[in-house]
Amino acid sequence: DANAIEFLAVGGKPLIRVTGKTSFQLYEKLNSEDLTPLTLSRSEIVKAVQQAWPDSKVVLVQSPERNDSYGRLRSGRLPQQTLRLTLDDSSQTWVHINRETGEIVSVMDQSRRIYRWLFNGLHSLDVPGLVEKRPLWDIVMLFFLTVGFMFSVTGVVIGWRRVAHDWIS
């Protein structure tokens, strides 16, 4: 029933990920013949992140809350089984790991978290309290798009008048 079989390693531990039409499962090899299903533990994930970032120490491991502003964007969300590991480096890096797949979902340092607010917050109005209220979000977005369009039209008209004035003179 598998569509894809991938071989990967998490913290130096060889694993097999079998992906079907609607689900996937991690397996570890017990012996030369048998595989056993596996869900990565917190300690295995912490060990793997420590190996990947040897100059930093994991200081906090948590599951992002359901309404987390960094894990819940209009354009996408962190998978449900995600763990956030906070490192003690100067950038206060967050590493998001999907426990089901063993994959790094995202790495967010302080500058990436600021970028999240400047880009997603300002360009998509992806701000808490507004993004969940869909009709209100649409009205506010249409208002700002209309204002931007009007500024663009005004700029074109002023530019055209200037060019026409210089061309006629």
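**Close-up 1. Seven salt bridges are counted in this predicted model.** One of them joins the side chains of Glu-6 and Arg-17, with N and O 3.1 Å apart. This pair links distant parts of the chain. Glu-6 sits in strand β1 (residues 4–10), and Arg-17 sits in strand β2 (residues 13–19). Glu-6 is partly exposed, at 34% relative accessible area. Arg-17 is buried, at 6%.

**Close-up 2. Arg-116 and Asp-126 form a salt bridge.** Their closest N and O atoms are 3.9 Å apart. Arg-116 belongs to helix α2 (residues 110–123), while Asp-126 lies in the loop between α2 and α3, so the pair ties together parts ten residues apart in sequence. Both Arg-116 and Asp-126 are buried.

Close-up 3. Arg-134 is partly exposed at 45% relative accessibility. Asp-138 is also partly exposed, at 28%.

**Close-up 4. Nonpolar side chains form a surface patch.** Phe-149, Met-150, Val-153 and Val-157 make up about 350 Å². Phe-149 lies in helix α3 (residues 134–168). Its relative accessibility is 54%, so Phe-149 counts as exposed.

**Close-up 5. The largest pocket holds about 280 Å³ of space.** Its lining has three nonpolar, four polar and five charged residues. Among the lining residues are Ser-63, Glu-65, Arg-66, Asp-68, Leu-78 and Thr-82.

Methods:
Residues numbered from 1 in each chain as written. Predicted model: local features only at pLDDT ≥ 70, side-chain atom pairs only at ≥ 80, totals over all residues. Heavy atoms only, no water. Patch = residues over 30% accessible without salt bridge, like charges linked within 9 Å, V, L, I, M, F, W, Y side chains within 5 Å. Areas by Shrake-Rupley, 256 points an atom, 1.4 Å probe, with all protein chains shown as cover. Salt bridge = Lys/Arg side-chain N within 4 Å of Asp/Glu carboxyl O. Helix = DSSP H or I, 4+ residues; strand = E, 2+ residues; numbered from the N terminus. Buried < 20%, exposed > 50% of the residue type's maximum accessible area, 1.4 Å probe, protein only. 1 Å grid on protein atoms, 1.4 Å probe; cavity = no way out; pocket = protein on both sides within 12 Å on 5 of 7 lines; lining within 4 Å. Points joined across faces, edges and corners; volume = space filled by probe spheres on them. Nonpolar A, V, L, I, M, F, W, Y, C, P; charged D, E, K, R; others polar.
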